[in-house]
Amino acid sequence: MRDGVGYATGMTHTVLTALALVLAAPAAAQTVPAQVEQLRDSALHDEHAWDITEGLTTEVGQRLAGTEAEARARAWAVAKLKAMGFANVRVESFDMPVWTRGAESAEIVAPFPQKLVVAALGNSASTSPEGITGQVVGFETLADLVAAPDAAVRGKIVFVSHAMPRTQDGSGYGYFGGPRRQGPGIASKKGAIAIVIRSIGTDYHRNPHTGVMSFPEGVEPIPAGALTLPDAEQLQRILKRGRPVTMRLTLVSQTGHGQSGNVIAEVPGRDPSLPPVLVGGHLDSWDQGTGAIDDATGVAIATAAAKRIMDSGRPLRTIRIVWFGAEEVGLFGGEDYLKKHGSEPHYALAESDFGAGRIWRVNSNLGKAREAEAKMLQSALAPLGIVPGALDKAEGSDIGPLLDAGMPGVGLSQDGTHYFDLHHTPDDTLDKVDPEELRQNVAAWTAMLAVLAGPIEPDPKRPR
Ligand SMILES: [Zn+2]
């Protein structure tokens, strides 16, 4: 925005205003069918999404992939989806490796003895219950760790700080997530005995942010944890004093094998020969909070929208709802769906997995031949305060492999300004969900489904 203003210096105010109007007007406004508008607007009073979010987080709570808790979540999901009246409710199971958290603590032994707050990262190696003790070597960035001679790291506990900025679209997460995703492998290759990172988060509460990482083939797993932002900055100040810093780190964990699965349900379309529209989110969560914004709200938003379409009649196309399993620990559910359904055509894919903040932008990638449909979607969403985005991209974690394979998709971008205050922390709980923002999401998803799966005709078997 600032660049644009600078570029336009010298133009008169009138010209600027005219230009702004031209830019703001939809390139080719499409008339939105009254049915779509009515479904969209009535969804602003939705209660289904809250009901699902509240029920799943209360009656199941945390549901780490591959564990007994995630199995209970699948049973809950099947019962809920059947009770809501969806068809073809089923579970597609798969096996997977399972990592579970044990006792964890960190403390500075010298020069200033004190406790720090830490959480193990998913796939961290386990320490003994007594923990390990070592000298800390600190790096400001992942690049600094990469550049360090092995001798500076060998036998030590590596600490990587960094500064992920707060952004609306979450764009900092990819780049600044590096210390978590690659840091442990790099530290291990250089001979470190363990690694702690500054949490990939934006809040200053003493809640560490966990998350998955993996060691490259042939690299010895080492214990890996995340410190809260206040603790990471404390450690930085201690290191700046220039004296050797000794830390005791206890990160106990267990590994084994288990089962996960994708829960699938459908709203059958009037023409079963047409490819379905797939909407979903992920059912599993991390093991600290109750997975309210990550991702109970996601499955709730997609499912509530499908329910509203189903209750209004029969869509032309089948709507397939997928509550993916085992997303957090490595996209196992998305990969399993790709394996079992990747060769079937899909009319469009969309996933909600970025909290429950207001949707502010719609991206889509429906292809050149469906540009009018994509623009109609933009027009249908504009009254909800949603700006038109790209016509050549869509996003989603579990559906990522399918999108990468060239399938059409829609990305409804949520406001993630506060998402990384809660993401993967014990603070991801129901009270953080704003019911009004949740309803705006449902309205957008309902309008999207009305455009993509519609038109919707009265269902003779469902008197209203
Ligand atoms: Zn998620």
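Q: Is Glu371 buried, partly exposed or exposed, and what makes it count that way?
A: Glu371 is partly exposed, because its relative accessibility is 26%. Buried means under 20% relative accessible area, exposed means over 50%, and partly exposed is in between (1.4 Å probe, protein chains only).

Q: Where do these values come from?
A: This is a predicted model, where local features need pLDDT of at least 70 and side-chain atom pairs count only at pLDDT 80 or more, while totals for chains, interfaces and linings use all residues. Residues are numbered from 1 along each chain as its sequence is written, and side-chain values use heavy atoms, with hydrogens and water left out.

Q: Ok, back to Glu371: which side chain does it meet in a salt bridge?
A: That of Lys368, at 2.9 Å from N to O. A salt bridge here is a side-chain nitrogen of Lys or Arg within 4 Å of a carboxyl oxygen of Asp or Glu. Lys368 counts as exposed because its relative accessibility is 70%.

Q: And what does Arg370 pair with?
A: Arg370 forms a salt bridge with Glu373, and their closest N and O atoms are 2.8 Å apart. Both Arg370 and Glu373 are buried.

Q: What about Glu457, what does its side chain meet?
A: Glu457 makes a salt bridge with Arg270, at 3.4 Å from N to O. The pair links distant parts of the chain, 187 residues apart: Glu457 is in strand β16 (residues 456–457), and Arg270 is in the loop between β8 (246–267) and β9 (277–282). Helices (H or I, at least four residues) and strands (E, at least two) are DSSP runs, numbered from the N terminus. Glu457 counts as partly exposed because its relative accessibility is 39%, and Arg270 is partly exposed too, with a relative accessible area of 26%.

Q: New topic: what holds the zinc ion?
A: The protein donors are His282 (NE2), Asp294 (OD), Asp353 (OD) and Asp353 (OD), lying 1.9 to 2.7 Å from the zinc ion. Donors are N, O and S atoms within 2.8 Å of the metal (3.2 Å for Na, K and Ca); water is not among the atoms, so sites may look incomplete.

Q: Why is the arrangement around the zinc ion irregular?
A: Because the 4 donor atoms subtend angles of 52 to 146°. Four donors count as tetrahedral if all angles lie between 85 and 135 degrees; four count as square planar and six as octahedral if opposite donors are over 155 degrees apart and all others between 65 and 115; anything else is irregular.

Q: Are His282 and Asp353 buried or exposed?
A: His282 counts as buried because its relative accessibility is 0%, and Asp353 counts as buried at 18%.

Q: Last one: how covered is strand β6?
A: Strand β6 (residues 194–198) is mostly covered, with 5 of its 5 residues buried. Ala194, Val196 and Arg198 are on one side, and Ile195 and Ile197 are on the other.

Q: Which strands pair with β6?
A: β5 (residues 157–160) runs parallel to β6 and is joined to it by 4 bridges. Strand β7 (residues 224–227) also pairs with β6 in the parallel sense, over 4 bridges. Two strands pair if DSSP finds at least two bridges between them.
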